[in-house]
Amino acid sequence: MSVPIVRTVAELRAVAAGWRRSGTRIAVVPTMGALHEGHLSLVRAALQKAERVVVTLFVNPKQFNSAADLAAYPRTENEDAAKLVPTGAHLLYVPDADEIYPAGFATAVSVSTLSEGLCGAFRPGHFDGVATVVAKLFLQTGADFAFFGEKDFQQLQLVRRLVRDLDLPITVVACPTVRETDGLALSSRNSRLSPAERAIAPKLASVLLDTAERLARGSPVLPMLDEARATILAAGYREVEYLELRGETDLQPLARLDRPARLLVAAWLGDTRLIDNVSTSPVGKRPGARRSLHREAAK
């Protein structure tokens, strides 16, 4: 048994049209492949909302700033298709680059403000690539729901704004970050870590969690961020690209924690760039980050 695979927009739309004629709701889970439990949890969540689930697998060249990084990105279509079978996914859409960006393609979708800073500051053009391909996948699938993980929180908020601003008829559903038992956020890039680096990697989540709790109790923001950066570097990370406290909805920088927020980080461990985030709020505003992170780790 295998999940049916389609590779063209025409094939995808033909299948979706058949589902729609019977009044079936459709959910889409966009991925770049190299599927892990985080992706599979999105598929399972999607099946709770819709009768049919499409998983897309497209390594989007417009999201990469380096040809070497694009070439090194894992491509595991056969393994991915096998992993989807137990989830109950109904269709795997695997277009090639020419199908998504045909000859003469000259359109880009850009979401300002939310794409600036954080990962946007270090990956110029990345979020234009995300917005463009996501808009195309939403239009190609005609899905009612789209499922994204909170690990890529800036991306999640950008997609939400894209849908709102363009009046796209789709509901974006966010799902909690899925973690290893030691707290490391699941990522396709984790496979690049050496055994020694893998042992160090969970320190990123540990520092985020500790910092988020101290901020929630009223510790000053800037000294806490400076201390957290130093702790991450001391653990063996070679560079902290950013570690920032941002408002949860608008992703604006916060000098003090006075509303629901996200503590977001990107750091290099050897040659691997890892990102993560945890939620935090002033004490009494909502459940603490530690309980949230422990729930994620238990999945």
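**A sheet, its helices and a nonpolar core**

Helix α7 lies across β2, β3, β4 and β5, running at about 150° to β2, where helices (H or I, at least four residues) and strands (E, at least two) are DSSP runs numbered from the N terminus, and axes are lines fitted to C-alpha atoms, for helices over the stretch in contact, with angles from 0 to 180 degrees between N-to-C directions. This is a predicted model, in which local features need pLDDT of at least 70 and side-chain atom pairs count only at pLDDT 80 or more, while totals for chains, interfaces and linings use all residues. Residues are numbered from 1 along each chain as its sequence is written, and side-chain values use heavy atoms, with hydrogens and water left out.

The strands form an open sheet of six in the order β1-β4-β3-β2-β5-β6, with parallel pairing, two strands being paired if DSSP finds at least two bridges between them. Because β1 (5-6) and β6 (171-175) stand at the edges, each with a single partner strand, one side of each has no neighbour in the sheet. Within the sheet, β3 (residues 52-57) pairs with β4 over three bridges in the parallel sense, and V55 stands opposite L92 in β4.

The largest nonpolar core has 43 residues, such a core being a set of buried Ala, Val, Leu, Ile, Met, Phe, Trp, Tyr and Cys residues joined through side-chain atoms within 4.5 Å, and buried meaning under 20% relative accessible area, with exposed over 50% and partly exposed in between (1.4 Å probe, protein chains only). The largest share of this core, eight residues, comes from α7.

Notes
Contact = heavy atoms within 4.5 Å.
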